[in-house]
Amino acid sequence: LHNTLKSPEILLFMRGERHRDTPRSTKKMYKIILSISGMEVKNMSGIGYKAKGALALALSMALFSTTLFADTRAYAAQSAAKAEENILPELTYEAALEKAKKHSPDLRDIADTAEFLQKTKEDLWDRVGYFDSPDYDYQRWVNDGWYMVTSSAFSTTTSMKQNSYGEAITKLGLEAGVKNYFITILSQEDNLELMKKNMELQQKLYKQGKTKYQLGLISKFDLDKLETETNNLADSITLVESALEQIYTQFNSLLGESPEKRFQLVYDVSYEPFTLNQTMDQYINGKVNASNTLKILELNVESAKFKKNYLPESSTGSEANQNNLSYDQAKRSLKTSKDDFALAIRNGYNAILQKETEYATAQAALKQAEADYHKAEVNYQAGNITALTLEQAQMGVDKAKNEIQQVVYDHDLAIFNFQNPDLLSGGTGASGASGKS
């Protein structure tokens, strides 16, 4: 086909001249070309200007196609390479959490402390061949030297337990931190995408407003209002973009990554109403007994009790009185913390119920927005409204969908905090999509 298109017979034909020596194969090729061009010609002598025009188009495309295909293929390869460069590496919540744990200086400090306490325990055993905590349920006085040995054993054992509980709390805090960053980044990215869509619509409205103002259909005040709304939206987009950069920098610091590193976050979350399969009191009792925060406070009570009841012979009456006071204060602190802990759990459950109410409200708003859009679509097809008005109706649907997604994020975090009440009582829980960090 390519060789035929470059033949002299074709060039004569394009100039409107005949060539009586045109071979049969070439005439057949003319028909093929015209057929490709959408024309059927049985008699070549009947070809008119329209056919020649169609053939000219086919010829020009065919002659140009070899160079065009080569250039397009090279361009496609370059585009694919650039697209591959722009593809962000995926990062799941689990992978991010592992990065955070490996990078955490707090966990390294806890590991160093555990190693130090273990060596202290071994040294004490090597020196005296004893590492048992004494009985301190009743008050008694012991030899100062023996008090040094037994109190060291008790304090080391207590510190090892506290360090272990602290490690669990730190890891839970990292889980909450990573989850909070995931939710905040994804939430802000959704908001930013919606704001940019809204900006496109707002610019059209402003352009339309300028035309209306020139035609005298709106006042200068209305035009200035449109301009202000457009500028404010542009400023909001800039602020969100800047906030996202700051959040990513903090997130990367938590993971031990460079500040400019970016990821495609993979975090699948869906809405499912929460069900508590036991009574609230049963749930609270179970969480109180399992709380590492409360276990540390219980150790504080035991330490105060040890100092109150297990005394060296050299101790004075004032020291004993101070130890009694410290023990009473430790018990009161534990009781208050348990009460606060139970209240935090109840509030956490109410937070879940609140998000589920918000979800139902958001779903109803979406249905209304979709109904408004369908109504606008009918009016647009009937010629009653403009395309811009239809776009505004579509934006209402997009906003309603985004609001639902924000509630889903918050609901997910509310359940996570409720299931890990150490976060609720300790104030380290994730803030949620509506509490932008």
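## Tyr138 and its loop

Tyr138 sits in the loop that links α6 (105-128) to β2 (140-142). In this predicted model, Tyr138 has a relative accessibility of 45%, so the residue counts as partly exposed. The class follows because partly exposed lies between the buried limit of 20% and the exposed limit of 50%.

Lys305 is 167 residues away in sequence, yet the two C-alpha atoms are 9.3 Å apart.

## Helix α7

Helix α7 covers residues 144-214, 71 residues in total. From first C-alpha to last, α7 reaches 98 Å. That is close to the 105 Å expected at 1.5 Å a residue.

After α7 comes Gly216, with a positive phi near 80 degrees.

## Nonpolar cores

The largest nonpolar core holds 45 residues. Leu91, Phe182, Phe251 and Leu265 have the most contacts inside it. Two or more residues each come from α5 (93-103), α6, α7, α8 (220-255), α11 (317-381) and α12 (387-419). Helix α7 contributes the most, with 10 residues.

Which residues does Leu265 contact, leaving aside neighbours within four places in sequence? They are Leu91, Phe182, Ile185, Leu186, Tyr248 and Phe251.

A second core is separate and has 19 residues. Among them are Tyr283, Ile284, Val301 and Ala304. In soluble globular proteins, nonpolar side chains tend to be buried together.

Definitions and conventions:
Residues are numbered from 1 along each chain as its sequence is written. This is a predicted model: local features need pLDDT of at least 70, side-chain atom pairs count only at pLDDT 80 or more; totals for chains, interfaces and linings use all residues. Side-chain values use heavy atoms; hydrogens and water are left out. Helices (H or I, at least four residues) and strands (E, at least two) are DSSP runs, numbered from the N terminus. Buried means under 20% relative accessible area, exposed over 50%, partly exposed in between (1.4 Å probe, protein chains only). The expected span of a helix is 1.5 Å times one less than its number of residues. A nonpolar core is a set of buried Ala, Val, Leu, Ile, Met, Phe, Trp, Tyr and Cys residues joined through side-chain atoms within 4.5 Å. Contact means heavy atoms within 4.5 Å.
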